[in-house]
Amino acid sequence: QVQLVESGGGLVQAGGSLRLSCAASGRTFSSYAMGWFRQAPGEEREFVAAITWSGGSTYIADSVKGQFTISRDKAKNTIDLQMNSLKPEDTAIYYCASANTPGQLWHIATYEYWGQGTQVTVSS
């Protein structure tokens, strides 16, 4: 079992930066990959970025490529999402997730464990 807790959300002006963190506990050694998803009001949850736990290979959604980066610290059992050049359209609840089995990392069904989310609000 894996428990995930997100932090780092808040209010930021357009063009600013924010760094989200996800702390994992439990059986983190069984995790194949971890990822970030986001969900804005009235919209479906969408894939943002993922990273494989062992090798650190990254996958970034086209919508945020060049804007967001994902990283992991195996010693600390954390993953981070660095968000730069933020736009009001980036406003959403951001969720951290963990996948135990290789699969389509952009698909929410791949992930077994989810955090509670952290709110990111970008003002114009």
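**Notebook: contacts, strands and rings**

I looked up Gln82 and noted that, leaving out residues up to four places away in sequence, Gln82 touches Ser17, Leu18, Arg19, Gln67, Phe68 and Thr69; contact means heavy atoms within 4.5 Å. This is a predicted model, in which local features need pLDDT of at least 70 and side-chain atom pairs count only at pLDDT 80 or more, while totals for chains, interfaces and linings use all residues. I number residues from 1 along each chain as its sequence is written, and side-chain values use heavy atoms, with hydrogens and water left out.

Gln82 is found in strand β8; strands (E, at least two residues) are DSSP runs, numbered from the N terminus. I noted Gln82 as buried, with a relative accessible area of 18%; buried means under 20% relative accessible area, exposed over 50%, partly exposed in between, with a 1.4 Å probe and protein chains only. The side chain of Gln82 makes a polar contact with the side chain of Asn84 at 3.0 Å. A polar contact is a pair of N or O atoms within 3.5 Å; within protein, one must be able to donate a hydrogen and the other to accept it, and residues adjacent in sequence count only if both atoms are side-chain atoms.

Next I looked up strand pairing, for which DSSP must find at least two bridges between two strands. Strand β8 (residues 78-83) pairs with β3 in the antiparallel sense over 6 bridges, and Met83 in β8 is the bridge partner of Leu18. β3 (residues 18-26) is also joined to β1 (residues 2-7) by 6 bridges, again antiparallel. There I found Val5 opposite Ala23 in β3.

Then I turned to Thr110, in the loop between β9 (92-99) and β10 (113-114). At 12% relative accessibility, Thr110 counts as buried. Its side chain reaches the backbone oxygen of Gln104 at 2.6 Å.

Last came the rings. Rings of Phe, Tyr and Trp (its six-membered ring) pair if their centres lie within 6.5 Å; planes under 30 degrees apart count as stacked, over 60 as edge-to-face and the rest as tilted. By this rule I have 6 aromatic pairs. The pair of Phe47 and Tyr59 is tilted, because the ring centres are 5.3 Å apart and the planes at 40 degrees. I noted Phe47 as buried at 10% relative accessible area, and Tyr59 as partly exposed at 38%. Phe37, Phe47, Tyr59, Trp106, Tyr111 and Trp114 form one aromatic cluster.

Notes. Helix = DSSP H or I, 4+ residues; strand = E, 2+ residues; numbered from the N terminus.
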